[in-house]
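Here is a short report on one protein model. The sequence and structure come first, then the details.

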Amino acid sequence: MISATILPPATLGVLGGGQLGRYFVHAAHELGYRVIVLDPDPDSPAGVIADQHLVAGYEDTQALLELANRCAAITTEFENVPAATLSWLAQQKIPVHPGPEAVAICQNRIEEKRFLTQSALPLGPYAEIHSEQDIDNAAEALFPSILKTARLGYDGKGQARVTTREAAKEAFRRFGGVACVMEKQLALQSEVSVVIARNPQGEVAGFPPTQNHHCNGILDYSMMPASDISEALATEAQRLAQNIATHLKYIGTLSVEFFVVDNALLINEMAPRPHNSGHYTLDACKTNQFEQQVRALCGLPLGDPQAHCNAVMVNLLGDLWRYDAPDQPQPPDWSVLLSIPALKLHFYGKDQPRPGRKMGHFTLLGASPAELKATALSAQDKLKTPRTP
Ligand code: ADP
Ligand code: MG
């Protein structure tokens with residue numbers, strides 16, 4: 001179905017109220033749309049800036065009905081929205097993008113790997129694990145491996161690195177016996193990602209790939225350009241992301257994470273939404289990943305994804321706050337960042353700085369990738385150093 005163009009000041013709905021939803025609200029507001037956010041947390045970062053915040057669960061039929069009645073189109077910022085919720089909304093005859101089928105694939109690692117295999121797209125060796133028997137039957141070549149729950153994992157959660165079948169079984173039991181994938185632990189040369197948008201007319205626009213560095217399973221910083229990989233691999237990553245979007249008949253902003261192994265790309269995972277590694281587009285690209293999400297949802301022509309400068313994006317996690325007394329988190333010295341003129345500082349409006357929680361990020365803009373990296377990481381390092389009284 002080709003959706004009709006939805007023009008401002010129509011009302012758009014978004015499922016999920018985290019920081020990705022918050023930027024969606026900003027982008028929609030800039031273009032003149034109104035936004036209703038559905039999220040059970042009354043203090044959710046997107047909910048507090050939306051035109052209306054429905055404080056309800058994702059399966060609350062009354063809230064879903066209100067969303068369906070009041071919105072011209074609905075998107076999601078959170079891949080774990082129940083697929084049944086998206087299907088129900090889609091049956092209400094309003095555009096729901098990305099659609100329930102695409103989200104169902106991206107939110108389940110088993111479905112995702114089956115989809116990639118069927119589409120003849122490159123991925124690493126793995127086995128589906130539904131029982132301890134499947135662990136016994138898995139190929140020896142998969143070890144050492146990583147057991148990952150098929151659903152609901154993020155930021156390295158729901159994962160266990162295991163070297164033996166016994167350890168894998170123990171982890172499987174610890175995860176409650178839920179369906180898992182067991183992936184061969186690969187020697188990663190680097191990790192890159194591509195954020196791409198596709199609209200109902202089938203037009204696609206990919207942002208330049210980033211090179212991503214993780215710490216404890218959480219994205220630490222992203223660099224654009226991805227200078228560790230060749231131009232040819234960067235182009236190939238774009239081509240693969242486009243291929244995935246087309247195969248999924250995807251509408252919206254889609255993120256694809258890649259591993260680089262032996263100078264070749266393997267697809268790690270997809271997310272049916274904008275991506276943390278795409279935050280650099282807010283400050284460094286002609287159109288950012290959230291504006292593309294709005295444009296694709298509304299059936300508008302996509303914006304120009306080209307970068308106007310190079311960038312490094314660094315996450316600011318709750319670990320940076322110090323606790324001199326319980327319940328009194330002390331922020332680090334933000335003047336370290338604010339004193340750098342080409343640095344853009346972002347916060348998501350969250351009160352509680354818990355370890356591992358994404359509180360904000362900064363993007364440093366410039367020309368030389370080596371200088372950008374050195375300046376950004378030195379600033380990050382200074383934030384970690386306790387302030388002198
Ligand atoms: P999520 O981002 O949902 O937490 P990922 O599957 O992307 O889960 O895993 C998080 C990180 O763990 C990856 O970005 C990568 O650094 C590492 N990792 C995951 N799978 C593998 C693997 N098969 N081999 C090596 N490293 C891996
Ligand atoms: Mg990941």
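What is the length of the polar contact that joins the side chains of His 275 and Ser 277? It is 2.7 Å in this predicted model.

His 275 sits in the loop between β14 and α9 (281–284). Beyond its neighbours within four places in sequence, His 275 is in contact with Ser 193, Val 195, Ser 255, Glu 257 and Gln 289.

One of these contacts, Glu 257, is also a donor to the magnesium ion (ligand 2). The protein donors are Glu 257 (OE), Glu 257 (OE) and Glu 269 (OE).

| Residue | Relative accessible area | Class |
|---|---|---|
| His 275 | 9% | buried |
| Glu 257 | 15% | buried |
| Glu 269 | 21% | partly exposed |

Four strands form an open sheet in the order β5-β8-β6-β7, with antiparallel pairing. The edge strands, β5 (126–129) and β7 (159–162), each pair on one side only. Neighbouring strands are turned by 20 degrees against each other on average, direction ignored.

Strand β6 (residues 145–149) runs antiparallel to β7, and 4 bridges join them. Leu 147 has Ala 160 as its bridge partner in β7. Helix α7 (residues 165–174) lies across β5, β6, β7 and β8 (180–184). Helix α7 runs at about 165 degrees to β7.

Methods:
Residues numbered from 1 in each chain as written. Chains lettered and ligands numbered in written order. Predicted model: local features only at pLDDT ≥ 70, side-chain atom pairs only at ≥ 80, totals over all residues. Heavy atoms only, no water. Donors = N, O, S within 2.8 Å, 3.2 Å for Na, K, Ca; no water. Buried < 20%, exposed > 50% of the residue type's maximum accessible area, 1.4 Å probe, protein only. Helix = DSSP H or I, 4+ residues; strand = E, 2+ residues; numbered from the N terminus. Polar contact = N/O pair within 3.5 Å; in protein donor to acceptor, adjacent residues only side chain to side chain. Contact = heavy atoms within 4.5 Å. Pairing = 2+ DSSP bridges. Axes fitted to C-alpha atoms, helices over the stretch in contact; angles between N-to-C directions.
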